[in-house]
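Open the model in your viewer and keep the selection tool at hand. The tour goes from one selection to the next and says what is there.

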Amino acid sequence: MRFPIIVLATSLATGLAAPQTATAQDRPVLRVLTYDSFVTEWGPGPRIEAAFEETCGCDLQLVAAGDGASLLARLKLEGARSDADVVLGLDTNLTAAAAETGLFAPHGVSPEGLDLPVAWDDPLFLPYDWGYFAFIYDRTRLDAVPGSLSDLAASDLKVIVQDPRTSTPGLGLLLWAETVFGAESEAFWEAMADNILTVTKGWSEAYGLFLDGEADMVLSYTTSPAFHIIDEGDDTKVAAPFADGHYLQIEVAGKLAGSGQPALADAFLDFMLSDGFQREIPTTNWMYPAVLPEAGLPAGFDTLMTPDTALIYPAQEAATMRDRALAKWLAALAR
């Protein structure tokens, strides 16, 4: 959490304090709980904070709380005592469990112009971006690229994945395996266990280790190469297309029922679907925006791999599958 800093300047000649100007403490505060990478200087947070504060007359505080799945764990721990007004960074694999807490209020928005691969009718959560999970590799270092999850598990490649208990990509991989293998997913994880070099708490650590050359592949998104293409002029990072399909993630935000600033929370959710927010998503969060920006997608996105098959569980089914899939994963990695 960032706190406003007040600097008091004193005149050396007179010893009198200089007049103070209005600070963020004079404005209503809206607290948005989100994941770590969202608030970094290279993430969308700083730009979105500045853009929203120009219109809201408020102090928008973006509070980092680990990776995506950690947000729900924190909410369950704090319950009605949470001082957050909005939670941004859950996904559809977690929304059913989040709704069951009773901590979220209906958003009351009828979203228009959504550019999602699926229809949207959730009364508590609104989407802000989406993408497909994929394993990323460096084409200058890897010649034999697996063409499916089974191929990956049968290879001797070393991969880095994220913990499904704290990370939405990690949970997404579990459900990806369930959609592909069903009752045979436990056998997949047993075969995959010796490929997993390490399991990180969140996405940022995993991707950083991959870029440092620690592993052959890393669990990320089909859109991750766009960062390297657009920001670095580097086209060597590639998403491996898997014949059995790629699991779809839709990231969402919701208003807490206990918010002390419900009108500001509503205004933020409205802003989230506006061009001022959505145009920042492709080149800061490196995902597809929920609403296509007026300028369209940046050059470079047109070169990305598009899965032939999109996989996703409905929110309630994902919640039902989660504990069973997690038990299989833990058992396989413990052997």
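Which residues form a disulfide, and how far apart are their sulfur atoms? Select C56 and C58: their sulfur atoms are 2.1 Å apart, and the two form a disulfide. Bear in mind throughout that this is a predicted model. With a cut-off of 2.5 Å between cysteine sulfur atoms, the count for the structure comes to 1 disulfide. Next, check the torsion about the S-S bond of C56 and C58; the value is about -90 degrees, so the disulfide is left-handed. Colour both residues by accessibility. C56 has 18% relative accessibility and therefore counts as buried, the limit being under 20%. C58 is buried too, with a relative accessible area of 0%.

Move on to strand β2, residues 59–64, and pick L62 within the strand. L62 counts as buried because its relative accessibility is 5%. Now draw a distance from the C-alpha atom of L62 to that of P225: the separation is 26 Å, for two residues that are 163 apart along the chain.

Next, show the aromatic side chains. A search of the whole structure gives 21 aromatic pairs. Begin with W130 and Y132, whose ring centres are 5.7 Å apart; their planes stand at 85 degrees, so this pair is edge-to-face. W130 has a relative accessibility of 10% and so counts as buried. For Y132 the value is 10% as well, so Y132 counts as buried. Then select F271 and F277. Their ring centres lie 6.1 Å apart with the planes at 80 degrees, so F271 and F277 are also an edge-to-face pair. Both of these phenylalanines are buried.

Now select α6, residues 168–181. For the length of α6, take the distance between its end C-alpha atoms, which is 20 Å; at 1.5 Å a residue, the 14 residues should span 20 Å, so the two agree.

Rolling a probe the size of a water molecule over the atoms shows where empty space is left. The largest pocket holds about 430 Å³ of space. It is lined by 22 residues, and those closest to its centre are S37, W42, W203, N285 and W286. Two or more lining residues come from each of α6 (168–181), α8 (203–211) and α9 (224–232). Which element gives the largest share of the lining? Select α8, which contributes 5 residues. Colour the lining by class to finish: 10 residues are nonpolar, 10 are polar and 2 are charged.

Note on methods
Residues numbered from 1 in each chain as written. Predicted model: local features only at pLDDT ≥ 70, side-chain atom pairs only at ≥ 80, totals over all residues. Heavy atoms only, no water. 1 Å grid on protein atoms, 1.4 Å probe; cavity = no way out; pocket = protein on both sides within 12 Å on 5 of 7 lines; lining within 4 Å. Points joined across faces, edges and corners; volume = space filled by probe spheres on them. Helix = DSSP H or I, 4+ residues; strand = E, 2+ residues; numbered from the N terminus. Nonpolar A, V, L, I, M, F, W, Y, C, P; charged D, E, K, R; others polar. Phe/Tyr/Trp six-rings, centres within 6.5 Å; stacked < 30°, edge-to-face > 60°. Buried < 20%, exposed > 50% of the residue type's maximum accessible area, 1.4 Å probe, protein only. Expected span 1.5 Å × (residues − 1).
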